[in-house]
Amino acid sequence: MRVAEIMTSATITDSTTGTLRSAAELMWKQQTGSLVIVDGDTIAGIITERDVLRAVGRGADPDQEPIADVMTRDVITAEPDTHVRDAARLMAQHWIRHLPIVDDGRLAGILSQRDVIGVFAALWYENGVPEIDVDNLVRERRLARIEAGDLD
């Protein structure tokens, strides 16, 4: 299985001047744990929920601290045809939970730890029937449930 089969649309922002609060609000609204910061077609960085939490825990004011001061600039990426197992290994090696997927130098999507875990869990089955429907793990379906008040 290739990452293109399970990746989701990346939540992006073109603003490095946004604040930690604006980043947190967008992540919550989109139910994602990261934002990819782009400058035109180029990835400028990534900020994750853990980055926000760490910064606030160290005393940063979420209404004042700019995204640019907290985001990771050296972003680890993979390509859409990367095998899911190799992407999982890359994420484990770099201790990251969100892996931007780049096709021809352009952001194509993002692979999250949740995406990978869902696939691996769905592969485990007994009596020929998968225990987990991978389609129900897709972010778009999670967002629809959240809009209906079903918080996961």
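Is Arg89 buried, partly exposed or exposed, and what is the relative accessibility behind that label? Arg89 counts as partly exposed because its relative accessibility is 43%. Here buried means under 20% relative accessible area, exposed means over 50%, and partly exposed lies in between (1.4 Å probe, protein chains only).

## Basis of the model

This is a predicted model, in which local features need pLDDT of at least 70 and side-chain atom pairs count only at pLDDT 80 or more, while totals for chains, interfaces and linings use all residues. Residues are numbered from 1 along each chain as its sequence is written, and side-chain values use heavy atoms, with hydrogens and water left out.

## Overall layout

The chain has five helices and seven strands. Helices (H or I, at least four residues) and strands (E, at least two) are DSSP runs, numbered from the N terminus. Along the sequence their pattern is β-α-β-β-α-α-β-β-α-β-β-α.

Of the 152 residues in the chain, 38% are buried. Among contacts (heavy atoms within 4.5 Å) with a separation of 6 or more, 58% are between residues 24 or more positions apart.

Helix 1 spans residues 20-30, and its buried residues are Leu20, Ala23 and Met27. These three lie on the same side of helix 1 because they cover an arc of only 65° around the axis; the arc is that of the directions from the helix axis to the C-beta atoms. The buried residues of helix 1 pack against strand 2, strand 3 and helix 2. On the face turned away from the buried side are the exposed residues Trp28 and Lys29. Just after helix 1, Gln31 has a positive phi of about 50°.

Helix 1 and helix 2 pack with their axes 10 Å apart and at an angle of about 145°. Axes are lines fitted to C-alpha atoms, for helices over the stretch in contact, and angles run from 0 to 180 degrees between N-to-C directions. The crossing of the two helices is left-handed, and the contact is made by Leu20, Ala24 and Met27 of helix 1 with Glu49, Val52, Ala55 and Val56 of helix 2. A crossing is left-handed if the near helix is turned anticlockwise from the far one by less than a right angle, and right-handed if clockwise.

## Salt bridges

The whole structure contains five salt bridges, a salt bridge being a side-chain nitrogen of Lys or Arg within 4 Å of a carboxyl oxygen of Asp or Glu. One of the pairs is Asp41 and Arg106, with an N to O distance of 2.6 Å. Asp41 sits in the loop between strand 2 (34-39) and strand 3 (42-48), and Arg106 sits in strand 5 (residues 106-112), so that the pair links distant parts of the chain, 65 residues apart. Asp41 is partly exposed because its relative accessibility is 44%, and Arg106 is partly exposed at 48%.

Glu49 and Arg97 form another salt bridge, with their closest N and O atoms 3.1 Å apart. Because Glu49 lies in helix 2 and Arg97 in the loop between helix 3 (84-94) and strand 4 (98-103), this pair ties together parts that are 48 residues apart in sequence. Glu49 is partly exposed at 39% relative accessibility, and Arg97 is partly exposed at 26%. Arg89, the residue of the opening question, forms a salt bridge with Asp86, the closest N and O atoms being 3.1 Å apart. Asp86 and Arg89 are separated by about one helical turn because they are three residues apart in helix 3. Asp86 is partly exposed, with a relative accessibility of 36%.

## The side chain of Asp51 makes a polar contact with the backbone nitrogen of Thr48 at 2.9 Å. A polar contact is a pair of N or O atoms within 3.5 Å; within protein, one must be able to donate a hydrogen and the other to accept it, and residues adjacent in sequence count only if both atoms are side-chain atoms. Leaving aside neighbours within four places in sequence, Asp51 is in contact with Ile46, Val70 and Thr72.

Ser112 lies in strand 5 and is buried, with a relative accessible area of 15%. Not counting residues up to four places away in sequence, Ser112 touches Met91, Arg97 and His98.
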